[in-house]
Amino acid sequence: MRQGNYEGAKASAAWFARTFGPNGFWLEVQNHGLPEEQAVTEGMFRIGAELGLPIAATNDAHYLKREDAEAHDVLLAIGTGKDLDDPKRFRFFGQESYVKSEKEMRDLFGKRSSDVLAETARVAELCEFDFEKRYFLPQFPRPAEFASDQDLLVHLARRGAIERYGDPLPEAVEQRLAYELDVITRTGYAGYFLIVYDLVKAARDRGIPVGPGRGSAAGSLIAYALRITNVDPLKFDLLFERFLNPERISMPDIDLDFCFERRGEVLEYARERYGRESVGQIITFGTLKARAAFRDVARTLRVEMGDVERLTKLIPSGPAFSITLTEAGEKVPEVKAAAAQDERIRKVLDLGARIEGLARHASVHAAGVVIAPGPLTDYVPVCTAPDSKTDSDAIITQYDMVGLEHVGMLKIDLLGLKTLTVLHDATRMVAERHGVTIDLERPDLDDPKVYALLRSGRTAGIFQFESPLATDCLRNMKCDRFDDLVATNALLRPGPLDTGMYLVFINRKLGREKVRYPHPALEEILAPTYGVIVYQEQVMRIASALAGYSLAEADVLRKAVGKKIKELIQEELSNFVKRAIARGHDKRTVEEIAAQIETFGRYGFNKSHSVAYSILSYQTAWFKTYYPAEFMAALLSSEIGNTDRVVQYINEARELGLQVLAPDVNESGYKFTVVGDKRIRFGLGAVRNVGEGAIASIIAGRQAAGGGGPYRSLVELCDRIDLRLCNKRVIESLIDAGACDSLGGERSQLVAALDHAFSEAQVRQQERFSGQQALFGDDAPVAPPPATLPDVPPWSEHDRLTREKSVLGFFISGHPLAKYRAEVELFGTRTTATLGLWSEQKVSVAAVVTVVKRQISKKSGAEYARLTLEDFHGTAEALVFPESWAKLNGVIHADGSYLLTGGYITRDRGEEQAPFIVDGARVLDDLKPSGAIGVALRWTTARRPEPETARAIAALCAAHPGPTPVFLEWSGTNGSGNEAVRLRSRSFRVDAADDLLAALRDLVGGGADGVRLVRS
């Protein structure tokens, strides 16, 4: 119609009318004030009259209100990456694409409004939608001998309970089992339990590691009996009502953890079991948070980015506390002032507030899976994968997790957990190397050596406890029991941290603070946590003990407090107070307890989840205690693609006395492997440019029957591997990584010989593949003749390490900082691992500057720099502002080693990774010559040199003159007590080389402690 082809439009309308029949096809008219709409509307009325077709009026609605048009326009600009004033960008015409009222629609169509709106109403009346809440569960394929899902569940649960507890069942188990089965039967969730049981059983049957439990499901005895979980709810006092409440029926959540590497097999099993068209993954939407909305709107309005970054960081946006843009404009003084002074900032806040919370992008939920009774398309809208990481054949729901729950679909979280992979790999290595079978299903949770490890702060690699705060918490509380792990897992959350609950817990555990209970009746409930309300289950038991709530009623109170809706909280707590007073309790005491429930209950954690995950924490600590080599090898393998993590864990392995060796084509597997009591061999899977096929070929070549065994030369390596999988780039990467060092020669020689060795091997392999035989008919492959390596000089240490890092991501056979270990230890107050922690004080870090990125400030036009730093712990970023960079740009260069000093900006306080601002730099090579480092000779009254030894020390110092001052440190006792003295030699300054230090230690005694380097 817009093209003026009236007859074509009429013919098309006639075809649709015949195809869809009466009450199946309408013509549509709209009026948004667009010029071309008038011609279309007139044509529609004409076709309708000529063909006798009904005409309905509609309005294109892209936003709710007319005043949202500008915010919608900004959103379009953000989505297309254009500035708001770009004349060529995509935009909507006018402000009419909002949801109009009936009166507004009548005004648009004048005298024709009655009939076109009547048809609109008729279309609406023909639409039928059932708002009744129903659940759509797939039918579990049960055996024919069971009449119902309930019968099968009862059979499986009783059999499982007997396996767990023995026959006959203890009375407490019998009662709990009967109660849970009754609730599950009444709520109609037997089929749900069977489906989850089936998925877990399928995983176990296939040898796929399954977690001990996750979330509130660990509180179910049925789940324990079915081996869905491995946590005894009776032993740990876990509540079924926290999982499934018979008085507020809603679909329970059973979340499952599987081995990270094999989660896909469980998903594939579900597709095979219930039909590929019935199993889908779940979409998730990233929303515009306050900071993102502010930043994106500011960009479209061309606000100076320096101002944008400054103001953005002032908007609180943490897990514990965040505010909206509207609140930021009212409550943050700097933002409020900026809005008052700058109209553009005010506009950014206004428009940002309107788009805040809207979906920004779509991706696939990491764990969510939905299973329908039939094809998913019969129940929910679906789409193709919104991101490249998802299987292109996967079915993705257009509803997110919340939407699916509202429409009654069965959703299950199938999470891939790396820790399960680590535990499985460590268990396998222990069995292979030591012949010891470890049963992860029945951990002994009372081993004092494990808690000693946790108390010592060796928490790298320990599940849930790797953060500095968690490490300090376990150390400070003198962790010595499993309950400490459970409580710490619950306390190290934003709410308890903000309220200081964890400090109260620690002080009471150690006896620094008296344990107090709000009421004598609560002592039994709160005694395990020293009177502190830590768990949601404790809130439920308090309500039961004081106010006579059933545990199901108490769960309603728990949910109300957790939702943080003031009116709902007040209503439920008022009922609690009334019922407690009615039972004879003092009003004031009960009101104080209600206030505590509101405060602590709001942040209380699910004990069921905390117990289940603490079991994993304990198991990782147990392996680290008893089999550190196998545990660290498994841990390193789990992070094989994460350079910073690998560096961190290599350092931890070295702290444990383990040696991490470079990869080796004769020893390495795909993953990290243990090759001796205290040696871990690097995995070939961590070498860049080397794929799984190439690694499989290398391993197969050395394991082959007859011609297998170690590779003895580069020529032999090329000859025995499949060169279709291992090209020259692969082999050169292996050489650079040090994986070919065992073949003899320098790495530079191996690279120089590669072309010839590869070409010769290609010819021989092609002959073998084509079936050519040797001259005398010998079928056996002839070993290639040894080749002399080219006479080329070895690479410098710098070149060797640079090439090593390019394929591994870090240094393994050495480190540019290795020769500066003394400087690093003496002068560095931070490492790259801790550089992001904000501090009021100046800090220093000794590191290699691997990247110097010069940039120009848009605000001032001055040059500044972004630095990438690397030390023994990993990498970090740093900034050098223009004023400092003007002084340091001639000092700091890429690949140089420096002692960098600086600090942090006040506005970055509380940031997860606060930027480190460099304001000073010293070349590490200059520290010793400058006299900043001295040699200290230490002795005590019990260990002091004889006169002839003292003369030998003086002669040795005189023979090694240099810039380093010499100190004498003496400690002992005098008449008034202990005394320590440091005296500086006026006679001697030495060259503090390693040979001198070794000679001095031989004379002074006491090893490294007798002679050490110190800051002058």
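Modeller: The model is predicted, with local features needing pLDDT of at least 70 and side-chain atom pairs counting only at pLDDT 80 or more, while totals for chains, interfaces and linings use all residues. Residues are numbered from 1 along each chain as its sequence is written, and side-chain values use heavy atoms, with hydrogens and water left out.

Biologist: Why are α38 and α39 called roughly antiparallel?

Modeller: Helix α38 (residues 947-958) and helix α39 (residues 994-1004) pack at about 175°, with axes 10 Å apart. Angles run from 0 to 180 degrees between N-to-C directions, along lines fitted to C-alpha atoms over the stretch in contact. Angles over 145 degrees count as roughly antiparallel, and therefore α38 and α39 are given that name.

Biologist: Which residues of α38 and α39 make the contact?

Modeller: With contact meaning heavy atoms within 4.5 Å, T949, A952, I953, L956 and C957 of α38 meet L996, A999, L1000, L1003 and V1004 of α39. By class, nine are nonpolar, one is polar and none is charged.

Biologist: What makes β10 and β11 a pair?

Modeller: Two strands pair if DSSP finds at least two bridges between them. Strand β10 (residues 673-676) and strand β11 (residues 679-681) have three, in the antiparallel sense. T673 stands opposite R681 in β11, and a hairpin of two residues joins β10 to β11.

Biologist: Which residues touch the most other members of the largest nonpolar core?

Modeller: Such a core is a set of buried Ala, Val, Leu, Ile, Met, Phe, Trp, Tyr and Cys residues joined through side-chain atoms within 4.5 Å, where buried means under 20% relative accessible area (1.4 Å probe, protein chains only). Among its 70 residues, they are F682, L714, I731 and L734. Helix α29 (residues 628-638) gives the most to this core, seven residues.

Notes: Buried means under 20% relative accessible area, exposed over 50%, partly exposed in between (1.4 Å probe, protein chains only). Helices (H or I, at least four residues) and strands (E, at least two) are DSSP runs, numbered from the N terminus. Angles under 35 degrees count as roughly parallel, over 145 as roughly antiparallel, 65 to 115 as roughly perpendicular and the rest as oblique. Ala, Val, Leu, Ile, Met, Phe, Trp, Tyr, Cys and Pro count as nonpolar, Asp, Glu, Lys and Arg as charged, and the others, Gly among them, as polar.
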